[in-house]
Amino acid sequence: MRFDYIVVGAGVAGCIIASRLSEDPANRVLLLEAGGKNDRLIVRMPAGTAYAYQTRALNWGYRSGPEPQLGNRELDEKRGRGIGGSAAINAMVFNRGNPNDFEDWKRSGLSEWGYANCLPYFRRMETFGGGANEWRGGDGPLRIRPGQADHILYDSFISGGEQAGHTYVSDHNAFRQEGVHREQAYIGNGLRWSAARGYLIPALERPNLTVWTDCYVNGIVIENGTARGVNVTRGGEDRQITCEREVVMCAGAFNTPQLLMLSGIGPADHLKALDIPLKLHVPRLGKDLENHPGFVLTYSIDERYSLARELGLVNRAALGLQWLWNKTGLAASNFYEVGAFLRTRSDLAAPNIQIEFMGLIRTLTGRGVKAAPGFTVYTCLTRPRSRGEVTLRSRDPRQQPSLVFNHLAERSDITDFIEAFRTTRAFFAQPAWEKLNAREIDPGPTVQTDADIEAFLRRNLGTHYHPSGTCKMGTGSEAVVDPAGRLRGIEGLRVADASVLPNTVCGNISASVAMVAEKLSDAIRGRTPLPPSNADYYRAVPA
Ligand SMILES: Cc1cc2nc3c(=O)[nH]c(=O)nc-3n(C[C@H](O)[C@H](O)[C@H](O)COP(=O)(O)OP(=O)(O)OC[C@H]3O[C@@H](n4cnc5c(N)ncnc54)[C@H](O)[C@@H]3O)c2cc1C
């Protein structure tokens, strides 16, 4: 068997890269994935998410930490495993990020990665259920469903947000992001519509695309400064697979740097300490780990308005049958139907916090889910300053790398979080919630002063599962990959997943990861980039 390209990891980026490269019948493409096929009901059914990510076979089950600013706690860090990657277990919320994020990429020296350059790729990748226009795509592989938001809880969220002084935005992924919105989701025909469904499954019939699941990549074969292939374990057998053009790393923001370091690429002192022969000293590989840290508030409400009433055991069975029958009803929802992007200070150029809302108090039991009346609010910082690091714990590719986020290491993140806490409380202290008798139950009235809030954060801060930046793209000497995703200093090796984001974006990151993979697929194929867009965007603080 001969291959031109080997793509490592069948997550968001890997499915897109393998699908786009194999569009050209002359390219022989091999996609390798450590996990299985993931064709399970709990993956296909949007409401199955909480079951999916508690299923060990679908999740790497990583932990971060000890986190020095959080009392040395370890944070649960779910990561998808198997076809679809983390998008087989994620919450399916679709947010592109704020145009300012990509303008920051451009300001950092990436002249071809400004908003005008990225927007055509965001459009190319999607079919937006709300219709195509200069911001939205109409015929791409990813189906994006506009929010349905049909419940008094969601109406209260929108009107309460307006009462708190925020603008309602009908499409927060178009001209204006800032404000309150109905969520959009990767759902089509009532199914989870991941990159696996949109890109990979339709490409499987191509004779030039080979996909191996349950194939564990242990490292990259590098000879004379060129990537020649990968070492894998499959069916209990270790073997080497070679390729004639490129190895494209799409194993995610933790496993891509891990595999590169295991292959001798990374900070020289770190590799030396583990007796890994050095192939290339890349000082910042594994550094610059970003994430969206966040806190949770829960509220009780009058039970008569509770969404949990619709999720008793009998109702759950009925909802499951309805979904099996015609893919409609609550089981076709991801339960994130409204949200907000807000600024906590008026001098900011773009939102610095995101609020996500679930119309339930949900308890995960390890395998199942319990739903109680009330609602849960998830607030995160969209562009935190603190940075973490991925390093190896050992030379064993099966051992989880060390992940330390360092959340709250920068004082400005604490200040922003204190403002975020107060802004979130004010958001839910509006007349729109009186009818539902909404009352904060956790953390509750004992947390009032800045010191109380900071202590609450250190005890409770968690992750929104958005790691990125461990193989940063850039033009300076510190960049790990160049603007075309090429690993600087090794021939035939690229990175095309969440690891390359030059800085994280304001919003759940998978849409940006998909956009980056789309754009890099053109670079790999040597195609002319799509022409820049002229579409305008909202500027909160005029330049
Ligand atoms: C619980 C959860 C909820 C989330 N919710 C959202 C959301 O609502 N909206 C959103 O936009 N984003 C969300 N995200 C984030 C989003 O899913 C990720 O940012 C995105 O999937 C990253 O894409 P990727 O291609 O970089 O990596 P992944 O999608 O994680 O894919 C990496 C793939 O590489 C494989 N791999 C790793 N190591 C090896 C190896 N050694 N050999 C072979 N294969 C390997 C993995 O098994 C995996 O399939 C969520 C993530 C999680 C975990």
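Author: Let's start with Val 230, which stands opposite Ile 241 in β13. Strand β12 (residues 226-234) and strand β13 (residues 237-242) run antiparallel and are joined by 6 bridges; two strands pair if DSSP finds at least two bridges between them. Strands here are DSSP runs (E, at least two residues) and helices are DSSP runs too (H or I, at least four), numbered from the N terminus. The hairpin of β12 and β13 has 2 residues between the strands, and Gly 235 takes a positive phi near 60 degrees there.

A word on the model itself. It is predicted, so local features need pLDDT of at least 70 and side-chain atom pairs count only at pLDDT 80 or more, while totals for chains, interfaces and linings use all residues. Residues are numbered from 1 along each chain as its sequence is written.

Now for the ligand. It is surrounded by 42 residues, and the closest are Gly 9, Gly 11, Gly 85, Asn 90 and Ser 510; a residue counts as near if its C-beta atom, placed from the backbone, lies within 6 Å. At least two residues of this shell come from each of α1 (12-21), β11 (215-223), α8 (252-262) and α13. Helix α8 gives the largest share, 4 residues. By class, the shell holds 23 nonpolar, 14 polar and 5 charged residues, where Ala, Val, Leu, Ile, Met, Phe, Trp, Tyr, Cys and Pro count as nonpolar, Asp, Glu, Lys and Arg as charged, and the others, Gly among them, as polar.
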